[in-house]
Amino acid sequence: MSFKKLSSRCVCEIPWKFLSLCAKRLNMDAKYTNRFSRTRITPHMVAVLIAIETFSEREKSRPIIGLDGDFPTPANINVSWNVLERRQFAKSALSWVQGYDEDYASFENKVKKISSSLAESLTQRLTEICSPEPLKLADFFESLAKLLDSRNGGAPLHRQSILGMFVRRMVLQYDKLTFSKSMRLYTDLKEYFQGSLPPSMGDQTSVIADDPSGMDVSMGLDDEMPMTTADLDKSLKTTEKFPGLRLPQRQAESFISEHATLLQSEDPSAPPPDQLQQDITNLYHRSPHLAEVHYLTYLNCLRLNEFSGALNSLHKYFDQLTQKTTKASIDAEGAITNEEWTHSYRYAALSIASLHYRLGHTNEAVLALQEAIRRAQEANDHVCLQHAMSWLYRLKPDGDADLGHTIAKSEELSLPYLTSLGVQNLAKQKALSFVKPIEVFEFLSRSDALNCQHQQPRLVSVSQAQQSSLWNIYGYRFMSSLCDHLLLNSASSEMLGALSSSSASHVPDREAFCLAICNQARIHFSSGELDLAQNLLQCARENLPPLSEHSKIWMLCEQQFAFQSAVLQGRFPDAERAVECLASINQSESTYCNCLLLAMNGEVTRSTKLLNSLVQRSQRESNEHTLEFLPRCLLLLSAIHLMQGEPTTAIPHLLECVTLCQQRHQSYMLAVATAHVAYAQLLLKMPEKALVLLEEVLPHIFANGSLYTQACMKFLMIQCTCHLAREDTKAAFLSGAPFLNEVSESFQLLGAGYKAKDAAYYQAHLYQLCGYASERNRAAMQFRQLERTYPSSKFPTMETLWPLFL
């Protein structure tokens, strides 16, 4: 995992937090609730009533969980639902009552998550009501009165509970329906149950008791042309189209809030973009007074990286919001203040800056951010200014942003999110400045304290991902894996909490989650557990679909695995395809892999030329690459020279890599570079010095290195030991030969058969020198079998690169 990959989360989600602020300022609830929140009976509401009735029938020994009622004593509990099912039903019922309409398939899936038997009973009850007899629906509403009847003991449903009041309200609204509307409800219920109605939040399906008298005014007939049944049905559909109906304020806000949370958290359960856009369009026609509909469109466009649609929706959102703010200001004070105008403009510029940054338009994002800073300074808006300064560091990490002042100001303004975020950015800045690791972790521990104090689980996961990345850079894979496990454990708990809450604060940070998954996949892949690595990648793929913002993280990891597997197994055409796929994700990584592949194919001159240009570019543009990239390029360049038998040419590159790793505190990269130096000394006929260097770095590589690097280190140690054996040559050879079996097994576990062939070749050579003919023949037979798959014409024995991957 790269520390550069996790650029501390500075996306402060300004617009959605701004929604609640503007809603309070406009007093939208008081303005629209009386006008548009009348309860309507829809097929979805009937399905909810059936679920409540079905659940209550098995809870007759005590009142059903009323979401605000008292629990009975343990002596009275004698029910078939367990505690978990009751709790899940109570939470789900609250969202159904206060939420929006949805199609039956989605509703049935939610019921199945509570209990499969409840879902079966729901389907069976709906089948009975949707029978050819329309009176079944009327009988059902009459039976609902029994749920509230307490004359024969305790009622299954308390009349004053939320569910009890909902049932009473639905029964009263059904009693007000005329015959034609009740028949329409019955017809729509059958279509809803059969899945023929679109999930458009109830448009064309709502049956409303608009007339307080309950009289049906839609039955007027023309004297000249009598109205047929089809005409009547068409007329009812026309009058119930969205231009004539307003969606209840509560349902509209619930729809916007839930889907905005799903999109902002990149939840895979979010509807497809086309289906969601259709629902948003229907919502806009039925509730044009809601400016937040445009913001939801903006989030939906971001999923597809559609700049034009996102920018247009963002403009519409803030335009309508500014008009509402202005109107509210005129109604309250009789005059328009400058603050009311500039308040929306500041956050509009800040949101546009985030949009440009998301789509890679850095220069445009900086211009928009400067506009937001200028307006915030003019209005003396310190909160907006602190958000803008956080964004400024995100856009210009090497700019003039004073993080210390930003952190102090955010703490003074009681902005814990920005304070913790600034501390994490400061830790990142210190790490990139190559200060001592202990100072970097001190800043992260301060951020952890703030996050725990103010309950900021998303920043907790970001901090854990940063710690994992830092431990990985410093070369301690075990500590990095430990941080990943802590992050994944907390993320699973947060996901369970998010199932029962629509708040975005309960949703884990998807970028940190994906980084942890991919880091664990790399650890398992480097250990030879290829199936586990692929399973982890599948988990990342399911949680972050290809259209999500951070999907490139697991895509890069997937293509790296494909390239490494292809090279280890000698499938060079597959490796070339993986290089082409990498080019669309990370051009520098693709060039690095291409250089390695060219060297394997014998095109050393071209590979060296590309590597030299890559090293120069990474030195010149250090901010565009990870901290490990330049040492990897230097190691590969030196390895190519070592492969060509030119250790003197490779040593300057190795010494540069060693110096670089010492400055950056990269202990594992330093150990691998030292092993390369030892290999160069072995080629220069200095096995004593090579063995001394290997003994220094051997524990660190065995503790934190990949299986391939460990096998190469064992192979190199055996070579150095055999070169030093002068007095007791036979004993040294015999002690080294069995270790070659472990080396061969490690290579075969990774699928690197041509490297196992090298081990078999060297083992046969040692047995030949010791005079063990049977052992020599067995090793030679193994070499012969591998030679058929990996011929020496393509894979020269003992001349291929040994440290391919780190």
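Trainee: Is F89 buried or exposed?

Mentor: Start with the cut-offs. Buried means under 20% relative accessible area, exposed means over 50%, and partly exposed lies in between, using a 1.4 Å probe and protein chains only. F89 has a relative accessible area of 1%, so F89 is buried. F89 is found in helix α4, residues 83-98.

Trainee: What kind of model is this, and how are residues numbered?

Mentor: This is a predicted model, in which local features need pLDDT of at least 70, side-chain atom pairs count only at pLDDT 80 or more, and totals for chains, interfaces and linings use all residues. Residues are numbered from 1 along each chain as its sequence is written, and side-chain values use heavy atoms, with hydrogens and water left out.

Trainee: How many helices and strands does the chain have?

Mentor: First, the rule. Helices (H or I, at least four residues) and strands (E, at least two) are DSSP runs, numbered from the N terminus. The chain has 36 helices and 0 strands. Of its 806 residues, 53% are buried.

Trainee: What share of the contacts joins residues 24 or more positions apart?

Mentor: Contact means heavy atoms within 4.5 Å. Take the contacts in the chain with a separation of 6 or more: residues 24 or more positions apart account for 70% of them. Distances between C-alpha atoms give another view. F89 and A51 are 38 residues apart along the chain, and their C-alpha atoms are separated by 9.6 Å.

Trainee: Which residues does Q464 touch?

Mentor: Leave out residues up to four places away in sequence. Q464 then touches C483, L486, L487 and S490. Q464 sits in helix α21, residues 457-474. Its relative accessibility is 16%, so Q464 counts as buried.

Trainee: Is E580 buried or exposed?

Mentor: E580 is exposed, with a relative accessible area of 59%. It lies in helix α26, residues 572-583. E580 and Q559 are 21 residues apart in sequence, and 9.5 Å apart in space from C-alpha to C-alpha.

Trainee: How many residues of α17 are buried?

Mentor: The expected span of a helix is 1.5 Å times one less than its number of residues. Helix α17 (residues 382-395) has 14 residues and reaches 20 Å from first C-alpha to last, close to the 20 Å expected. Now the burial: 12 of the 14 residues of α17 are buried, so this helix is largely enclosed by the rest of the structure. The buried residues include H387, W391 and R394.

Trainee: Which residues of α12 are buried?

Mentor: They are P273, L276, D279, I280, N282, L283 and R286. Keep the helix turn in mind. An α-helix has 3.6 residues a turn, so residues three or four places apart point the same way. Helix α12 covers residues 273-286, and its 14 residues reach 20 Å, close to the 20 Å expected. What covers its buried residues includes α11 (249-264) and α13 (292-303).

Trainee: At what angle do α18 and α19 cross?

Mentor: Two packed helices are described by the angle between their axes and the distance between the axes. Axes are lines fitted to C-alpha atoms, for helices over the stretch in contact, and angles run from 0 to 180 degrees between N-to-C directions. The axes of α18 (residues 403-412) and α19 (residues 416-432) come within 8 Å and cross at roughly 160 degrees. That makes α18 roughly antiparallel to α19. Angles under 35 degrees count as roughly parallel, over 145 as roughly antiparallel, 65 to 115 as roughly perpendicular, and the rest as oblique.

Trainee: Is the crossing of α18 and α19 left-handed or right-handed?

Mentor: A crossing is left-handed if the near helix is turned anticlockwise from the far one by less than a right angle, and right-handed if clockwise. The crossing of α18 and α19 is left-handed. Among the residues in the contact are L403 and I407 of α18, with L418 and L426 of α19.

Trainee: How do the residues of that contact of α18 with α19 divide by class?

Mentor: Ala, Val, Leu, Ile, Met, Phe, Trp, Tyr, Cys and Pro count as nonpolar, Asp, Glu, Lys and Arg as charged, and the others, Gly among them, as polar. The contact of α18 with α19 has 5 nonpolar, 5 polar and 1 charged.

Trainee: At what angle do α25 and α27 pack?

Mentor: Helix α25 (residues 551-568) and α27 pack at about 5 degrees, with their axes 12 Å apart. That makes α25 roughly parallel to α27.
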